[in-house]
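Reader: I've got a fold open in the viewer and I'd like to learn how to read it feature by feature. Can you walk me through it?

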Amino acid sequence: MKGMSLNKKRDWWWSGFCIVVVLMTSMAVAQRGGRWWQDSGIETGRNGVPDWGINQDFKRDVFTFVRIKYESVGGRGRGGGGWRTDYRDSDLNFSLRLQQLTSLKVDPDPIVLELTDERLFDYPFIYIIEPGALYFSEAEVQALRRYCLNGGFLMVDDFWGDYQYENLRQQLARVFPDRTPFEVPLAHEIFQCVYPLKEKPQVPAINAAHRMQNGEVGTWENAWDGSDTRTPHYRAITDDKDRIMVFICHNTDLGDGWEREGEDQWYFEEFSVKKAYPMGINIVTYAMTH
């Protein structure tokens, strides 16, 4: 949370959840700027995403969505690359839905930080996307280890296939040489804490999802290395108290379910409402209450 330290966040709990999926499916939706909103007349200069105010007396006690900017191999570097995927609409939309569908107070303006930024420890939740070509500098390795072991939570999302997972595994092994990611069972509270999920959700990018409308079966994306991506994997690295501190969403693309929610009503209902937002809200709930 913006301004809320990692130590303080453990004492902070959500109260009186207002989680109602029906709000997302029964609202009188209207399309504006490629998004489905309850009020299509709002213009805020935020790519069509509504803005909202926060209580200035508690402006430091709000949740802020933090995307991590990282190095990519292959010459893409900090000027572009995997970390920018789905930016900025994904972060704006997810922040809006957290504000709408929970009692959580959310900053309307998500931010981007590097792991070596001194402000990192002001924010208990961080997000990394498309880590298939990710590379951590030694300074980033040290910063991420210290962040997670001091109570921070990292969510990793949107990468497909064995090759990309192996790249992430190698980078995380540098951060946590004594800890190995493991598959999280569906019974774990991270899948049940707000929305009780009956399966581990797999969200494809919107173009891949349209295959289903053409009669093809499957909700996966094809990996460029040809490996099997039909099964979504949710893996974790825990601390010494069995708290999840790294949550890895592999063979799924929750971020596209957030970013693309307004481009197609069918995609919105099938993937944003049923899968991407419930899983995302569960993850943030777990992160902020442990």
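This is a predicted model: local features need pLDDT of at least 70, side-chain atom pairs count only at pLDDT 80 or more; totals for chains, interfaces and linings use all residues.

Reader: Fine. How many helices and strands are there in the protein?

Author: Helices (H or I, at least four residues) and strands (E, at least two) are DSSP runs, numbered from the N terminus. Here that gives eight helices and eleven strands.

Reader: And what share of the residues is buried?

Author: Buried means under 20% relative accessible area, exposed means over 50%, and partly exposed is in between, using a 1.4 Å probe and protein chains only. In this protein, 54% of the 290 residues are buried. For the contacts, meaning heavy atoms within 4.5 Å, take pairs at least 6 apart in sequence: 74% of those contacts join residues at least 24 apart.

Reader: Let's do helix packing. At what angle do α3 and α8 pack?

Author: Under 35 degrees counts as roughly parallel, over 145 as roughly antiparallel, 65 to 115 as roughly perpendicular, and the rest as oblique. For α3 (residues 89-101) and α8 (residues 265-289), the angle is about 75° and the axes are 11 Å apart. The two are therefore roughly perpendicular to each other. On the α3 side, Asn93, Phe94, Arg97, Leu98 and Leu101 make the contact, and α8 brings Phe268, Tyr277, Gly280, Ile281 and Val284. These residues divide into seven nonpolar, two polar and one charged. In that count Ala, Val, Leu, Ile, Met, Phe, Trp, Tyr, Cys and Pro are nonpolar, Asp, Glu, Lys and Arg are charged, and the others, Gly among them, are polar.

Reader: Where is the kink in α8 centred?

Author: A bend at a residue is the angle between axes fitted to the seven residues ending there and the seven starting there. In α8 there's a kink of about 50°, centred on serine 272. The helix is largely enclosed by the rest of the structure, because 20 of its 25 residues are buried.

Reader: What happens at the start of α8?

Author: Look for a polar contact: a pair of N or O atoms within 3.5 Å, where within protein one must be able to donate a hydrogen and the other to accept it, and residues adjacent in sequence count only if both atoms are side-chain atoms. Here a side-chain oxygen of aspartate 264 comes within 2.9 Å of the backbone nitrogen of tryptophan 266.

Reader: Now the backbone. Which peptide bond is cis?

Author: Check omega: the bond from tyrosine 87 to arginine 88 is cis, with omega near 10°. Arginine 88 belongs to the loop between β4 (71-72) and α3. Aspartate 86 is also placed in the loop between β4 and α3, and has a positive phi of about 70° although it isn't a glycine. With a relative accessible area of 8%, aspartate 86 is buried.

Reader: Is asparagine 47 buried or partly exposed?

Author: Asparagine 47 counts as partly exposed, at 48% relative accessibility. Its phi is positive too, near 60°, and it's in the loop between β2 (35-37) and β3 (66-69). Arginine 46, in the loop between β2 and β3, counts as buried at 5%. The side chain of arginine 46 reaches the backbone oxygen of proline 108 at 2.9 Å.

Methods: Residues are numbered from 1 along each chain as its sequence is written. Side-chain values use heavy atoms; hydrogens and water are left out. Axes are lines fitted to C-alpha atoms, for helices over the stretch in contact, and angles run from 0 to 180 degrees between N-to-C directions.
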